[in-house]
Amino acid sequence: MEFLQQLVNGLALGSIYALIAIGYTMVYGIVQLINFAHGDIYMIGAFVGFFAVVKYGLPFLPTLLLAMLVCSVLGVIIEKIAYRPLRNSPRITALITAIGVSLFLENVVRWRLGPDPRPFPELFSVKVFSLGGVQVSNVQLLIFGVALVLIVILQFIIYRTRIGKAMRAVSQDQDAARLMGINVDRTISVTFAIGSALAAAAGILVGIAYPRIDPYMGILPGLKAFVAAVLGGIGIIPGAMLGGLVMGVAELMVVGFWSSDYRDAIAFAILIIILLIKPTGILGKNQSEKV
Amino acid sequence: MSLLSIKKLSKSFGGLIAVNNLSLDIQPGELVGLIGPNGAGKTTVFNILTGVYPPSSGEIWFQEHSLVGLKPYQITQKGIARTFQNIRLFDNLTVLDNVRIALHSHSAYRVTSSFIRSASFKKGENSMRRKAMEILKIFKLDDKYDEIARNLPYGEQRRLEISRALAAQPRLLLLDEPAAGMNPQETQELMELIRWVRNAFSLTVLLIEHDMSLVMGVCERIYVLDYGMLIAQGSPQEIKSHPRVIEAYLGEEVATVAEDQQH
Amino acid sequence: MADTNQVNQMQIANVENYPRGLRWVILVGVLLLYLGILGLKESGSLNPYHIQILCLICINIVLVVSLNLINGFTGQFSLGHAGFMAVGAYVSAFLTRNVINQLTFSGAEWLVTLEKAGLFLLVILAGALVAAFLGVLVGLPTLRLRGDYLAIATLGLGEIIRILLINLDVVGGARGYAVPKLTNFSWAFWLMVIAVLLMVNFINSTHGRACISVREDEIAAEAMGINTTRYKVMAFTLGAFFAGLSGALFAHLFVYISPQIFGFLRSIDILVMVVLGGLGSITGSITAAIFITVVMEMLRQLVELRVIIFAVILILVMLVRPQGLLGNREITDLFRRKQRGDPDEPAQHQKAV
């Protein structure tokens with residue numbers, strides 16, 4: 001019973017990781033950049049939600065959409081200013097820049113809003129259902145629902161629209177895509193926009209489920225989501241979803257059956273193990289280097 | 001006794017068979033050419049020989065030792081050095097450092113000596129520097145020892161790459177299109193230099209060339225690859241008149257013409 | 001081959017083309033600097049706070065140069081340097097508290113001082129060695145990874161070390177750990193000088209060149225007979241050793257350590273200094289360590305602004321001059337007999353393969 005309960009809780013947490021991980025994996029797939037600032041976009045999403053509810057009293061859905069919109073704009077701006085000029089630089093240069101962007105976002109928020117955690121306003125009164133001994137809350141159901149809807153929309157965009165086709169083309173070969181008349185810059189912008197919007201959604205969901213938000217809340221979930229993306233096979237969207245769920249479940253199993261002290265360590269342990277055993281991830285294919 | 005003996009070597013990448021059941025033998029002191037049209041698998045053979053890729057199947061024997069499963073640096077230390085088709089110098093380092101790095105595995109003093117700059121450090125560094133300068137002198141690069149490699153003109157980069165390979169003190173030298181991008185006169189000089197080096201250092205040389213006419217003058221024996229398979233071997237005269245070779249090269253010319261028309 | 005013996009003998013004599021006396025001039029300068037600072041301290045011009053900052057500068061120099069050994073010279077991107085620093089700090093602090101402090105000393109005063117100094121040195125070395133050992137242990141499997149994957153894996157390792165320390169009650173866990181104050185200016189200064197000297201000597205040897213060849217082109221390096229794995233692990237281990245040494249000095253300087261001090265942000269601080277000074281420049285690292293440590297102290301009260309300024313510096317340096325202020329050049333290159341080619345060409349540490 002304990003196991004099933006942790007499984008349900010883990011899947012809820014994992015859905016949130018999955019939403020963040022998709023953004024990581026999309027960006028990596030298209031520009032081979034570990035967008036270190038992605039976790040901070042998620043944090044900003046939560047803060048946008050916070051102000052939307054507290055200041056303007058918006059209900060859930062408009063709050064969600066507003067946060068997604070703000071964050072996609074932010075993601076596009078960051079890409080334009082900080083990453084685009086470095087597109088042909090060594091990957092490490094871009095990674096250092098991304099770390100810089102991450103520190104910048106965290107500390108600007110901390111500077112303006114203070115370091116203390118704030119309680120996220122209650123949008124729903126929590127109801128808990130019992131299904132054969134396993135407790136499921138309406139918030140968890142909401143997380144599953146929102147994650148599912150967003151992923152379906154994402155799949156639709158990627159496989160049924162022109163821009164989705166362009167994204168797939170650019171991730172295969174930027175130069176060839178450009179020669180085929182695809183606007184590569186715009187495609188990359190859209191990728192950042194979508195990834196950031198998903199992170200924002202995750203931020204709102206976390207605000208509702210674990211109602212404390214602070215400027216550094218993005219660091220650990222960001223890293224864990226990155227691990228999830230690597231676990232599933234970086235650049236592969238279904239891999240990111242799978243990786244996110246596995247991460248969430250693994251984390252809560254550690255909490256449930258061992259000690260909550262190590263819940264953060266498990267992510268890095270998984271990362272190092274997967275990198276050593278199969279660096280291409282669960283769903284990834286092995287590639288050998290061309291000389 | 002063969003210096004190098006390749007037996008039934010195959011390599012496939014996914015579905016693509018890059019090298020198919022290749023066998024060849026090289027005797028000590030020979031200057032052998034490996035030719036074939038673009039994409040015939042020549043460079044793949046080099047990459048397998050030097051341990052960059054593992055072979056899918058087959059055997060490689062060098063001086064009675066199997067090379068299969070060895071790391072590239074171990075193969076180099078056994079006496080095989082190479083150059084690269086698309087020049088891979090240590091771009092940001094000086095000409096001298098490029099050569100000294102290749103001398104490393106033969107003349108290294110202990111790490112502890114380098115921390116305290118002991119007598120063996122000084123002796124080792126001086127001897128490495130002398131050896132490096134000697135090699136650079138042969139390739140007329142000694143005046144440029146302090147230049148950054150990437151600032152050298154193209155022809156000198158090619159020469160530096162060969163000097164660097166020589167500094168690794170090989171018995172077998174693998175040259176991957178050493179004359180690529182050179183004009184006919186430079187090519188001629190290079191070919192003479194290769195022959196001279198082979199004699200002076202009592203080396204064995206295996207040389208890849210895309211352009212068949214080039215190797216005819218310098219190589220004593222030639223292997224021809226097409227689609228990963230050995231289609232001919234023999235003296236330059238035999239190769240020149242070999243029907244399958246002509247066919248392979250003709251086919252390529254036709255393909256090139258067709259490609260040009262498309263653009 | 002007859003003419004090859006005529007290679008200019010003068011060229012051979014001067015291994016690195018620097019004027020013969022430069023090393024000694026620098027060492028004398030270092031000695032004068034030390035005496036000068038001691039003099040200012042005695043005269044009261046420098047108060048204990050200033051001395052503490054000077055010690056921190058020395059510690060940071062060791063950290064930055066050692067990370068540069070890994071990131072700048074060998075081209076392996078580590079984001080876990082604070083983890084090794086933590087290991088050095090905790091191991092040495094534990095030994096000081098449980099060994100040195102349990103001993104009773106007797107005899108002449110100078111003898112006791114000498115004994116205590118010797119023990120402190122051993123404790124520091126123990127911290128550094130354990131960190132180095134961990135470096136080998138961690139380096140062997142992870143250094144197979146490339147570029148950004150290695151960066152993330154080392155970041156993860158640093159975090160794991162931090163989380164383990166939080167849960168290690170024997171050294172105080174999250175509450176932190178009090179350490180006797182044993183680091184003074186002389187310790188910090190001379191260990192820094194020795195550490196930098198050893199690392200400079202290493203880099204300017206055939207083993208150092210082997211490390212640099214790994215950064216320049218791993219495949220070409222292997223093809224030239226360089227055991228690239230060995231040199232990656234060697235650089236990583238040396239880096240970890242000196243990070244551990246700085247950690248030990250750090251712990252005994254600030255007399256209190258906690259796992260939070262050695263978090264990811266500490267690694268980033270060190271990285272910023274390496275990057276700013278130039279990947280592959282020791283003099284650049286030293287300059288950046290001095291400059292940034294002083295600036296950080298001046299902005300001490302403005303926590304967020306400090307990091308914001310850092311972040312902006314990091315982004316701007318990457319956008320404008322990704323090779324850092326000095327790139328892979330050294331200030332001492334000014335004294336070289338022959339000038340190298342174009343100094344403003346960006347260094348390309350990673351090649352498309």
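Here's a quick briefing on the domains, an interface, a sheet and the salt bridges of this predicted model. Local features need pLDDT of at least 70, side-chain atom pairs count only at pLDDT 80 or more, and totals for chains, interfaces and linings use all residues; side-chain values use heavy atoms, with hydrogens and water left out. Residues are numbered from 1 along each chain as its sequence is written, while chains are lettered from A and ligands numbered from 1 in the order in which they are written.

**Two domains in chain B**

- Chain B is split into domain 1 (1-79 + 171-263) and domain 2 (92-169), with the bounds coming from an automatic or database domain assignment.
- Taken over C-alpha atoms, the centres of domain 1 and domain 2 of chain B sit 27 Å apart.
- In contact terms (heavy atoms within 4.5 Å), 17 residues of domain 1 of chain B meet 12 residues of domain 2 of chain B.
- The two domains of chain B bury about 1,200 Å² between them, 78% of it on carbon and sulfur atoms; buried area here is the accessible area (1.4 Å probe) that two parts lose on being put together, summed over both.
- There are zero salt bridges between domain 1 and domain 2 of chain B, a salt bridge being a side-chain nitrogen of Lys or Arg within 4 Å of a carboxyl oxygen of Asp or Glu.
- Two residue pairs are in polar contact between these domains of chain B, both at pLDDT 80 or more. A polar contact is a pair of N or O atoms within 3.5 Å; within protein, one must be able to donate a hydrogen and the other to accept it, and residues adjacent in sequence count only if both atoms are side-chain atoms.
- On the side of domain 1 of chain B that touches domain 2 of chain B, the elements giving two or more residues are α2 (72-78), β7 (172-176) and α7 (184-200) of chain B. Helices (H or I, at least four residues) and strands (E, at least two) are DSSP runs, numbered from the N terminus.
- α7(B) gives the most to that side of domain 1 of chain B, with four residues.
- By class, that side of domain 1 of chain B has 11 nonpolar, three polar and three charged residues. Ala, Val, Leu, Ile, Met, Phe, Trp, Tyr, Cys and Pro count as nonpolar, Asp, Glu, Lys and Arg as charged, and the others, Gly among them, as polar.

**Where chain A meets chain C**

- The contact draws on 42 residues from chain A and 41 residues from chain C.
- Chain A and chain C bury about 3,800 Å² between them, 79% of it on carbon and sulfur atoms.
- Zero salt bridges turn up between chain A and chain C, and the rule also finds zero residue pairs in polar contact across their interface (both at pLDDT 80 or more).
- α3 (60-83), α4 (91-113), α9 (219-232) and α11 (263-277) of chain A are the elements that give two or more residues to the side touching chain C.
- The largest share of that side of chain A, 15 residues, comes from α4(A).
- Class by class, the side of chain A that touches chain C has 31 nonpolar, five polar and six charged residues.

**A sheet in chain B**

- Four strands of chain B make an open sheet in the order β2-β1-β4-β5, with antiparallel pairing; two strands pair if DSSP finds at least two bridges between them.
- β2 (16-26) and β5 of chain B are the edge strands, each pairing on one side only.
- Five bridges join β1 (residues 4-13) to β4 (residues 57-62) of chain B, and Ile6(B) stands opposite Ile60(B) in β4(B).
- Two bridges link β4(B) to β5 (residues 65-66) of chain B, where Trp61(B) stands opposite Ser66(B) and Phe62(B) opposite His65(B).
- The hairpin of β4(B) and β5(B) has two residues between the strands, and Gln63(B) there takes a positive phi near 50°.

**Salt bridges**

- The count over all chains comes to 20 salt bridges.
- One of them pairs Asp185(A) with Arg87(A), whose closest N and O atoms are 2.6 Å apart.
- Asp185(A) lies in α8 (residues 184-209) of chain A and Arg87(A) in the loop between α3 and α4 of chain A, so the pair ties together parts 98 residues apart in sequence.
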